[in-house]
Every structure is written in C-alpha cells, then in structure tokens.
Amino acid sequence: MDSTAPFYRRHQGKGMKFTWDQAFTKVKEFNLMNEGADDAPVQVSTLSGLKRYLDWVQIKECLLRPYFENEDYPLVESRELLPSFESDAFEYADLPGFSMVALGRSLNYFSEIFQFDILHDLLGDSGIGLENACPLERTVQTQNRQAFLNRLPKYLQEDFKKDYLRKDLTAPENYPGILQYLLKMDRAHVLAKDKSGNFNLAGIYASLPSDLDTEIKRFGLKTGKFSVGDNVRYELNRLFVYQFMMELYGFPIVSERRTSSALFARRLQRMGEDFMVRVLGQSDRTITTLYSHPLSKRYPRVEKIALVQVDPDMKEARRMLGQGRYFVDKKKRVVILRVIYRQHKYNADNVRQDRALSVLRQEVIHPLSGRINDRVNIIKDASNMFLRLNDIVRGEFTGRIVYKRNEVIENTDTYEKRLKFLFAWLSKHQRRIIGYTDEFYSNVVKVLDNYLLNPDHYEVFNTLNDLYQEVWSKYSYIQQARKTQLLDNLSQRMHRGQRIGYLEMLNTVNETLHQLKFEIVNYFEELVDRVIGIVENILHDAYLVRKYINTKEDELSGYGQDIRRNYGRLVAQLDEFNSIRKSRTEQGDKLRAHAV
C-alpha cells in the first residue's frame with residue numbers, strides 16, 4: 001500500500017506547517033512514535049498503556065491523515081459531541097472506519113463469546129529477526145499472513161505480501177502499518193495478551209454479537225417503561241428506551257457497527273471483563289472508546305476523540321491554544337478534542353429523565369507531544385449556545401442539522417428552515433436549558449418569545465401551523481419542566497443554591513404552582529404526575545406536619561400560622577392539579593375508545 005504523504009507534504013522544520021506524518025513525534029513513552037524508530041519493539045502490558053498507544057496511532061492514521069489528504073474533510077461540529085447525540089446526516093464512504101476489542105488477558109479461542117480469525121504470536125525470542133527464525137516460527141508467520149489474505153480485498157493482497165513478507169503481523173510495533181489494511185476489513189480486529197503478558201494483535205474479522213431486541217426489552221422492563229404483554233406501553237416508550245440505552249454507551253440510534261460495539265461493551269461489563277472496545281464510524285468521524293474501569297461498576301467509561309473546529313467567537317480559548325501550539329491547522333482553528341463522559345442511571349422522578357450522559361471533562365491533545373490541555377471549554381459554552389440561537393431566529397445561521405432523524409436541513413434562509421432548526425436546537429439542548437442558570441434561561445426565553453410571539457410573523461406561522469405547534473410544544477415542555485425542576489429543589493428546601501425555611505419554601509411552591517397551572521394548556525402527563533408527586537411529598541413532610549399542622553392553632557406563633565395558611569393553600573392547589581389530571585385522563589380514554 002502506498003504510504004506516501006499527499007502532494008502538499010512538507011518537511012518538518014521551524015516555521016513549517018504541521019502535517020499528519022509529524023503527529024506525536026515528540027511522545028516519549030513509545031519509541032515507535034519517534035523518527036527513525038520504526039523497528040523498535042513496543043511492549044505494552046496494561047490496558048491503560050495500550051489505550052495511550054492506540055490513541056497516538058489511531059488519531060494519526062484515522063483522523064489526521066484523512067484530514068490532510070482530503071481538502072473537504074468533514075470536521076466534527078463541537079455540538080455533535082454534546083449529549084444528547086444526533087443521528088448522522090451522511091456516511092463518508094472514503095473515510096476510514098473500524099471496530100476493535102482489546103481484552104486484558106490471553107485468548108481462549110473455543111471459549112470466547114464471539115467469532116474471529118485467530119492470529120498466533122511467534123514463539124521465538126522477540127529480539128531475533130525472522131531471517132533467523134526457526135521453521136515453526138515461519139509456519140506461524142505464514143498462517144497469520146494467509147489469515148489476512150483471506151479477508152483482504154484482492155487489489156490489496158499483492159501490496160500486503162510485499163510489505164509483510166518478513167514481519168511479525170502480531171507485534172504492536174507493526175500495528176500502525178497494518179492498520180491501513182485493517183481499515184479495509186468490514187469487521188473488528190482483536191488485541192489480547194501473549195504468553196509474556198504483553199498485548200499483541202490476536203485476531204481479525206471479528207463479529208461482535210449484539211442481541212438488540214433482548215437488551216432493549218430487558219432495559220425497558222428494568223426502568224419501568226415496559227410491562228410484559230403491554231403492547232401499547234411498548235409502542236409508546238420503545239424509542240425512548242432504545243435511545244436512552246444507546247446514549248449510555250455514547251451513541252444515538254446508529255448503524256450496526258457502532259450498535260454492536262456498544263452492546264458488546266455492555267455484555268463485557270456485565271461479565272466483569274477487563275476490556276476496551278473502540279469504534280470509528282464513517283458517518284460520525286469520531287473515535288469512541290468504551291472501557292472497563294475500577295471506579296465504574298455499572299457502565300464502562302465512555303470517551304470520544306475527533307477533529308473539531310474552535311468557534312471564532314471563543315477568543316480566549318483560541319489565544320490559549322495558539323500559544324500552546326495545540327492547533328492541527330491554525331488557519332482553520334482545528335484541534336484534536338477528547339471528551340470524557342459520565343453516565344446517569346435512569347430515574348423516573350428526575351424531570352430530566354432522558355439524561356443518560358453528561359460531559360465530565362474536555363481535553364485538547366497537542367498534535368506533537370500528546371500533552372493535554374483541559375482548561376478550555378470547547379463544547380459546553382453557554383454564551384456560544386445563546387449566540388447560535390440568535391443566529392437561527394435571525395436567519396443568519398449557516399450549518400446543517402438532521403430534523404427528526406430523517407431530513408437534512410441546510411442553513412436558515414426560510415421561516416420553515418428556522419422553525420426546523422429551532423425544533424432541533426431545543427431538542428438538543430432541552431436538558432441544559434432546564435438545568436442552566438436563571439440568567440441563561442431568561443435570555444433564551446426572551447429570544448424565543450420575541451420570535452415565536454412576534455405579530456409580524458403570525459401570517460407566515462399560520463401557513464406553517466403544524467411545524468409551529470411542534471416548536472411551541474417543545475418550548476412549552478421546557479418551560480414546564482424547568483418549573484418542575486424548581487419545585488423538586490424547593491421540596492428539599494433549596495432555592496438558588498441556598499438553604500431556605502419552611503415558610504419561604506411553601507410560599508415559593510405556591511407561586512410556582514399558580515404560574516404552572518395556566519401553562520398546562522399544553523398538557524404533558526409525565527410532568528403533571530411529577531408535580532403531583534412532589535407536592536404530596538411536601539405535604540407529608542413529617543417535621544412540617546408534626547410541628548405546624550398537628551399543633552393547636554393557639555399554640556402557633558405568627559410564623560407558624562403563616563406556614564399553616566400556606567400549607568392549606570398548597571392542599572387546595574394539589575386538588576386542582578388532581579382534577580386537571582383526572583379530566584385529561586378521561587378525555588384520553590374517550591379518544592382511545594372512539595379510535596377503537
């Protein structure tokens with residue numbers, strides 16, 4: 001295979017631009033990364049060490065090389081790395097893709113739970129060249145080479161024979177070159193420990209099993225979203241369960257390669273394996289890693305690495321990254337970004353119950369030394385989110401989104417496109433709008449109200465009524481969910497980060513319920529159920545009932561009488577919400593009966 005750099009390749013030197021073949025040449029941990037060390041042996045005995053080694057190799061060969069060899073390389077937008085993840089708009093067939101599994105032990109071929117073609121490490125001393133190898137070693141090498149040839153496309157077989165006639169295919173130091181051939185295979189490759197306890201390439205053409213139907217139903221039953229034999233409940237909640245489960249492992253609902261990788265990692269975690277699963281999709285252009293960790297008992301750790309363009313408005317981040325020479329392409333503001341995520345157990349009582357994943361940390365990786373800068377915020381900048389919202393409503397946003405998983409929308413030059421962008425923006429950032437600061441939320445509300453309630457737009461919005469109502473429903477849900485989140489905090493006597501007393505808690509709860517009562521014209525059953533549950537918990541607070549409700553009125557202070565008065569008001573408001581829920585449930589039952 002031709003390994004020459006593209007026509008614009010430049011020699012490294014002072015003042016010269018960075019190119020992919022210079023990547024990580026200053027990494028000291030592995031000799032292979034230094035110039036002139038192509039034949040130096042690489043010995044890695046831990047999964048953490050293997051992960052670092054593969055980071056350097058796979059970033060270089062699978063992200064940086066395609067970027068420099070393709071003038072129109074599709075950089076990953078920073079928002080694409082922010083949960084909840086969006087469906088992919090396109091598949092880039094010319095870009096590399098792979099899946100990989102590494103096990104922190106030696107393989108037991110017959111007992112493994114997946115199918116693959118095994119490769120054997122050479123039995124001789126790793127320091128002895130193949131020209132001095134014994135006949136048995138040459139037989140093993142021939143078998144390994146034939147295993148590759150059986151799975152490679154024909155047009156690559158001659159090049160492969162020339163390149164690896166006398167090289168150990170399993171040795172880690174040869175992995176960077178072999179990777180170019182592995183990228184041409186449809187299935188996963190396998191790394192495991194050899195007899196000496198070091199990692200090597202142990203298998204190719206692996207099929208990672210994924211029983212998607214069983215996993216979805218098991219997860220849905222566990223979370224209470226499904227009931228055995230309840231087809232209606234299954235139909236209503238299936239997509240939510242599917243999406244939540246996939247997001248726990250770092251993906252939206254995606255293609256088979258990434259789905260099987262996610263579910264295989266789920267299975268290995270349950271089995272207590274020491275493992276790493278890694279996958280690069282041709283559509284997401286992102287290296288996703290799922291790996292076991294001593295502090296992560298329930299789920300594997302999730303990381304993503306991609307080439308990302310720093311927003312031009314992030315002046316301080318650009319200055320810091322520029323000074324540290326972190327840019328892969330300074331003119332286009334391109335950096336190597338790693339995002340580490342934290343998983344969240346499903347909680348039906350959390351108003352943000354769709355929150356499966358959140359960003360734990362961001363790291364910009366230096367393209368030469370591999371040094372980490374974790375002091376910049378590339379993807380979670382609230383001011384940047386707000387600027388994007390302003391651009392959308394003004395029709396000035398240039399970019400691409402996937403509307404409802406099946407329609408690609410380019411730019412915001414029409415009212416229809418703006419509404420579709422708004423729907424996608426609200427869906428993407430729903431959890432953040434609910435949970436971010438009051439200042440951020442008030443700015444969002446101001447922009448959305450000025451646009452959606454502007455009389456100058458009424459005529460156009462009437463012609464787009466279904467789409468307008470979709471956006472308004474999503475906006476209404478966020479408004480009500482934020483108030484529900486506020487009620488939840490108040491029930492724990494917390495308000496704006498401060499501990500409050502019972503009287504202030506009851507006063508604020510009553511005010512919030514009074515506002516919410518007029519907003520539930522757009523009715524969301526799960527939010528109303530949650531509100532009722534929160535209020536019932538407040539009313540059953542043991543100390544509150546014992547101290548202020550069960551005490552005789554003439555024994556209460558003025559403060560206590562105010563609490564009792566607000567408590568009675570809260571009881572009345574709870575009755576109103578229960579009446580609203582009952583009325584809506586009866587209406588829904590009638591509609592369902594009529595439909596039948």
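The buried residues of helix α5 pack against α6 (231-248) and α7 (256-271); buried here means under 20% relative accessible area with a 1.4 Å probe, protein chains only. This is a predicted model, in which local features need pLDDT of at least 70, side-chain atom pairs count only at pLDDT 80 or more, and totals for chains, interfaces and linings use all residues. Residues are numbered from 1 along each chain as its sequence is written, and side-chain values use heavy atoms, leaving out hydrogens and water.

**Helix α5**
- E215, I216, F219, G220 and T223 are the buried residues of α5.
- They sit on the same side of α5, because they cover an arc of only 125° around the axis, taken from the directions from the helix axis to the C-beta atoms.
- Just after α5 comes G224, with a positive phi of about 85°.

- Helices (H or I, at least four residues) and strands (E, at least two) are DSSP runs, numbered from the N terminus.
- In β7 (residues 296-309), ten of the 14 residues are buried, so the strand is largely enclosed by the rest of the structure.
- β7 pairs with β6 (residues 287-293) in the antiparallel sense over six bridges, where pairing takes at least two DSSP bridges between two strands.
- A hairpin through two residues joins β6 to β7, and T288 has K304 in β7 as its bridge partner.
- β7 also pairs with β8 (residues 334-343), antiparallel over eight bridges; there, V302 has Y341 in β8 as its bridge partner.

**Confidence**
- The protein chain has a mean pLDDT of 86, with 90% of its residues at 70 or more; pLDDT is the predictor's confidence in each residue, from 0 to 100.
- Residues 1-15 have pLDDT below 50.

Notes:
Buried means under 20% relative accessible area, exposed over 50%, partly exposed in between (1.4 Å probe, protein chains only). Contact means heavy atoms within 4.5 Å.
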